[in-house]
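Please read the following note alongside the model, with the sequence open for reference.

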Amino acid sequence: MLTKESFNAFLKTLEEPPSHTIFVFATTDIHKVPLTIISRCQRFDFRRIQLDTIKKTLSNIAKEENISIDDKTLTLIAKKADGALRDAQSLFDQVISFCGEKIDSETVAKMLNLIDDDLFFTISDAVLEKDFNIVFQTTNKIYQNGWDFIDFTDGLLEHFRNILSVIITERTELVETAEVYRTKYANYIQTFSKGDLLRILNYLSKLQQELRYSNNQKLKIEIALTNLVGLEKSATLSEIIFGLETGTVEIKSSESNIACLLYTSDAADERSSVDLGGRRIIKKKTMSKLAVIVQLYTENTYNKKDLIKRKKK
């Protein structure tokens, strides 16, 4: 990067360049370039190239060179390039030199030391099935293959982001991955709830920061994945109310169940009090909608009119 004095000296030449000369400047520190220079240039911002575009370019090169390569392998190379076509072509040259004219995904993954995406699907399936054995099998596989635990956490965070994207949009076009994995992501529709995925993403984001300062990353990952698999499914207030109205959720009138429901759903705040011996559950006027419904169900007098009246009070 030129100094401020050098830019000022160059300014006169830039304002009145020779007719046969075109100046081309390239920098990654645009904020360091003086405004006097920027205002006299046409600015073009280069951004990361999309994954599908890189895959298509590499696929065309492979066809011209008579090289056999599948979509999964192209995805591995394109993701490793991180949006840079030049890096993708350099990696592609290395892979060709190592594998020859027939390239497979397993060899490329070992060569580039990439974590297999199937490992992330194993974790998400374990969360659904509550299979704690997968946790220790996964951490042992990461350790034995020499994979980086931080890279694994980054990939797992992206994996659950992809699941959230598929569940919200009910489409897989926004997921940058191989076609074989898009089919797997589509199978997660109607499995995870949005609230649970947000909890998982928030938990993994915190883990991502904590892992960088951990002395024993393997142990940290094992504890984190165990907590992840053990997370219970949550329900929003709207879902509980809808379940009560449709009859799919049943509230037992025992005192312990009512107290548990009020506690877990944060129906009462610190100023509210629960009277388990009487019919009135919350004494203060700060009761939430769910607390009112629980009380009305306990009294067998629940209907929407009563709810409106009690909310006005």
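What percentage of the 313 residues in the protein do buried residues make up?

1. Buried residues, meaning those under 20% relative accessible area, with exposed ones over 50% and partly exposed ones in between (1.4 Å probe, protein chains only), make up 34% of the 313 residues in the protein. This is a predicted model, in which local features need pLDDT of at least 70 and side-chain atom pairs count only at pLDDT 80 or more, while totals for chains, interfaces and linings use all residues. Residues are numbered from 1 along each chain as its sequence is written, and side-chain values use heavy atoms, with hydrogens and water left out.

2. The protein has 16 helices and zero strands, where helices (H or I, at least four residues) and strands (E, at least two) are DSSP runs numbered from the N terminus. Of the contacts in the protein with a separation of 6 or more, 61% are accounted for by residues 24 or more positions apart, a contact being heavy atoms within 4.5 Å.

3. Helix α7 (residues 118-129) and helix α8 (residues 133-145) have axes that come within 10 Å and cross at roughly 165°; the axes are lines fitted to C-alpha atoms, for helices over the stretch in contact, and angles run from 0 to 180 degrees between N-to-C directions. The two helices α7 and α8 are therefore roughly antiparallel to each other, a label for angles over 145 degrees, whereas those under 35 count as roughly parallel, 65 to 115 as roughly perpendicular and the rest as oblique.

4. On the α7 side of this pairing, Leu119, Thr122, Ile123 and Ala126 meet Ile134, Thr138, Lys141 and Ile142 in α8. By class, the contact of α7 with α8 has five nonpolar, two polar and one charged residues, with Ala, Val, Leu, Ile, Met, Phe, Trp, Tyr, Cys and Pro counted as nonpolar, Asp, Glu, Lys and Arg as charged, and the others, Gly among them, as polar.

5. Thr139 is also placed in helix α8, and with a relative accessible area of 0% it is buried. Leaving aside residues up to four places away in sequence, Thr139 touches Phe149, Lys218, Ile221, Glu222 and Leu225.

6. In helix α10 (residues 179-186), the residues Tyr181, Arg182 and Tyr185 are buried. They cover an arc of only 110° around the axis, which puts them on the same side of α10, the arc being that of the directions from the helix axis to the C-beta atoms. The buried residues of α10 pack against α3 (51-64), α4 (71-81), α7 and α9 (149-169).

7. Which residues does Glu232 touch, not counting residues up to four places away in sequence? They are Lys130, Asp196 and Arg199, and Glu232 itself is found in the loop between α12 (217-230) and α13 (237-246). At 59% relative accessibility, Glu232 counts as exposed. Its C-alpha atom is separated by 9.7 Å from that of Leu128, although Glu232 and Leu128 are 104 residues apart along the chain.

8. Asn66, in the loop between α3 and α4, has a phi near 60°, a positive value in a residue other than glycine, and with a relative accessible area of 61% Asn66 is exposed. Gln190, in the loop between α10 and α11 (194-211), likewise is not a glycine and has a positive phi of about 70°; at 67% relative accessibility, Gln190 counts as exposed.
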